[in-house]
Amino acid sequence: MARHLITSAIPYINGIKHLGNLVGSQLPADLFARYLRGRGHEVLFLCATDEHGTPAELAAAKAGKPVAEYCAEMHDVQAKIADGFGLSFDHFGRSSSPQNHALTQAFAGRLAEQGLIREVTEEQVYSIADGRFLPDRYIEGTCPNCGFDSARGDQCDNCTKQLDPTDLIDAHSTISGSTDLEVRTTKHLYLRQSELKGALADWIESKKDWPVLTTSIAKKWLNDGDGLQDRGITRDLDWGVPVKNGTEDWPGMEGKVFYVWFDAPIEYIACAQEWVDAGKGTDWESWWRTDKGADDVTYTQFMGKDNVPFHTLSFPATIMGMDQDWKLVDYIKSFNYLNYDGGQFSTSRGRGVFMDQALDLLPSDYWRWWLLSHAPESSDAEFTWDQFQTDTNKDLADVLGNFVSRITKFCRSKFSEAVPDGVAFGPAEEQLIADLTARVQAYEGFMDTVEVRKAAAELRAIWVLGNEYLQANAPWTTFKTEPETAAMQVRVGLNLIRIYAILSKPFIPDASAAMLTAMKTEDGAWPTDMTVALNALPVGHAFEVPENLFRKITDDERAEWAERFAGTRD
Ligand SMILES: [Zn+2]
């Protein structure tokens with residue numbers, strides 16, 4: 001038994017995520033966690049909400065709520081939806097937790113002690129009426145280039161010109177509307193990432209087994225242009241982790257908070273503390289400190305490609321800079337984007353299916369199966385309703401669902417609702433055992449290396465084996481002349497249902513549970529020896545015919561859903 005730490009990129013707090021976000025991190029991370037648990041390994045699977053920074057403040061203001069209250073509510077919303085999709089986090093934490101506050105402050109203090117923090121004086125716009133510095137996106141005015149009247153401090157959304165807040169005509173605060181703005185100097189802390197460039201380059205270079213998508217993005221950020229730059233870790237904001245040097249005040253940094261990119265990944269560690277403090281675990285350090293037991297932990301991270309720079313460079317720079325035996329990631333699985341029907345998902349235009357809407361249409365297994373079997377691994381992928389209908393109807397209803405229904409109903413009508421006896425296995429069964437053995441080994445291989453699409457294809461092929469076996473041996477025909485042979489064939493089929501339940505659980509946990517319930521067994525042991533596995537449900541073992549596992553999506557539904565989620569056009 002091995003120990004596996006798994007984290008999914010933590011979703012930002014402001015709103016419900018779409019299916020592309022889901023398949024880019026949380027869902028494949030859950031697949032991997034469920035698989036490793038199924039193989040008997042010890043797994044700690046963590047995720048959280050990313051709650052600090054300007055967008056959270058803006059979203060809360062828009063909702064008319066204090067930001068802390070807004071975040072608490074949205075965390076519960078996201079947790080509930082994650083649960084609806086069967087995401088099996090051991091803990092779903094919050095980056096605003098007291099544990100993360102303390103840990104982020106401790107990290108900053110230690111990095112300063114290591115000589116890796118420097119102070120930088122900058123000029124920034126200050127709003128006298130609001131009594132605060134304004135981030136660029138809190139400043140609006142008229143674009144000097146095109147005359148657009150709500151250009152932002154960093155960019156004009158109309159003509160796309162990059163701007164400085166001081167370029168704007170009639171610049172005003174979006175908080176109060178005040179035009180009483182002035183440029184003031186302010187001091188910020190920078191993490192000296194450039195000092196760690198060599199160590200990071202060597203570390204990335206040593207990761208020969210990482211996906212090219214991960215290493216190519218890392219190397220680009222490391223080397224392109226002037227290479228890896230020092231990066232500000234503080235902001236003039238109210239909402240966030242107050243800047244402190246460990247538990248001490250940081251002179252000159254009063255009223256400032258840490259920049260969200262610095263505190264968010266530290267939440268991966270704080271989340272393990274939250275897990276212990278919630279009474280779900282006992283020893284978080286054995287997962288995160290190599291001097292306290294984590295040297296035998298394999299740590300795998302999941303994320304969309306936009307998050308790769310933070311996870312390959314910024315967070316490792318933080319960890320390496322600490323020089324304190326903190327666990328570094330062992331494997332980073334990154335994903336391209338899932339597009340929606342010829343374009344992009346869009347929150348503002350209501351385009352595409354969002355996680356809460358998906359669960360209103362169909363149970364989560366339909367979505368899990370389709371998204372994972374089309375995971376955007378080697379390139380961007382696309383969701384179309386046509387493909388979704390075709391694939392789920394075929395794979396889930398025709399192949400898996402039909403197999404389960406056929407064999408259980410046939411057994412009930414010709415024998416009873418118990419595993420029948422019959423003759424011993426013959427050549428057809430020996431062949432089935434050989435085929436299953438080879439395919440299950442291939443499936444395990446793809447799951448071990450987190451090749452999601454290939455694993456899904458292999459699982460589908462394993463389901464197909466059962467149908468082919470029934471088709472070729474036709475117990476409904478055999479029954480007329482050799483009922484004892486038909487009984488054995490049905491016994492094989494019933495045992496296949498249990499095997500399918502176990503192998504399929506990482507992809508479709510609800511259907512898996514329904515299959516085990518129908519087979520009236522709690523024996524979910526991973527099938528390692530197929531001869532043993534095909535005899536696991538003994539002769540006379542009772543079962544029941546389950547409800548249809550999957551229904552088909554109709555053409556009317558497909559058309560209606562395509563229309564409903566098309567969004568408003570530009
Ligand atoms: Zn403009």
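This is a predicted model: local features need pLDDT of at least 70, side-chain atom pairs count only at pLDDT 80 or more; totals for chains, interfaces and linings use all residues.

**Entry 1: the second largest cavity.** I sorted the lining of the second largest cavity by class and found six nonpolar, two polar and one charged residues. For the classes, I count Ala, Val, Leu, Ile, Met, Phe, Trp, Tyr, Cys and Pro as nonpolar, Asp, Glu, Lys and Arg as charged, and the others, Gly among them, as polar. The lining residues are Y299, Q301, H311, F315, P316, I319, K327, L328 and V329. Two elements give two or more residues each to this lining, β15 (297–304) and α10 (308–322). The most comes from α10, with four residues. The space inside is about 40 Å³.

Residues are numbered from 1 along each chain as its sequence is written, and side-chain values use heavy atoms, with hydrogens and water left out.

My terms, while I am at it. On a 1 Å grid over the protein atoms alone, a cavity is a set of points where a 1.4 Å probe fits but cannot get out; a pocket is an open set with protein on both sides within 12 Å along at least five of seven lines; lining residues have an atom within 4 Å of a point. Grid points are joined across faces, edges and corners, and a volume is the space filled by probe spheres set on the points. Helices (H or I, at least four residues) and strands (E, at least two) are DSSP runs, numbered from the N terminus.

**Entry 2: the largest cavity.** How many cavities of 30 Å³ or more are there? I get two by this rule. The largest holds about 70 Å³. I listed P11, I16, K17, Q26, Q78, I81, A82 and M355 around it. Helix α4 (residues 67–84) gives the largest share of that lining, three residues. By class I noted five nonpolar, two polar and one charged.

**Entry 3: a pocket.** Next I looked at the second largest pocket, with about 220 Å³ of space. Its lining has 13 residues, and E123, Q124, V125, D136 and P165 lie nearest the centre. Strand β4 (residues 117–127) gives the most to this lining, with four residues. The lining divides into six nonpolar, two polar and five charged residues.

**Entry 4: the sheet with β4.** I followed β4 into an open sheet of four antiparallel strands, in the order β5-β4-β9-β10. Which strands stand at the edges? They are β5 (132–133) and β10 (231–232); each has a single partner strand, so one side of each is left without a neighbour in the sheet. Two strands count as paired if DSSP finds at least two bridges between them. Eleven bridges join β4 to β9, and one pair I checked is Y126 with E182 in β9. Two bridges join β9 (residues 181–191) to β10, where L191 stands opposite R231.

**Entry 5: the core.** A reminder to myself: in soluble globular proteins, nonpolar side chains tend to be buried together. Here the largest nonpolar core has 156 residues, and W288, W367, W385 and F507 have the most contacts inside it. Such a core is a set of buried Ala, Val, Leu, Ile, Met, Phe, Trp, Tyr and Cys residues joined through side-chain atoms within 4.5 Å. Buried means under 20% relative accessible area, exposed over 50%, and partly exposed in between (1.4 Å probe, protein chains only). Contact means heavy atoms within 4.5 Å. Setting aside neighbours within four places in sequence, I found F507 in contact with residues including L31, D365, W369, Y443 and L459.

**Entry 6: helix α18.** In α18 (residues 509–518), the buried residues are P509, A511, S512, M515, L516 and A518. Their cover includes α2 (26–38), α12 (364–373), α13 (385–414) and α17 (483–504). Just after α18, K520 takes a positive phi of about 50 degrees.

Entry 7: D341, in the loop between β17 (338–340) and α11 (355–361), has phi near 45 degrees, positive in a residue other than glycine. V450 has phi near 50 degrees and lies in the loop between α14 (427–448) and α15 (452–473). Buried or partly exposed, I asked of D341? D341 is partly exposed, at 37% relative accessible area, while V450 is buried, at 5%.
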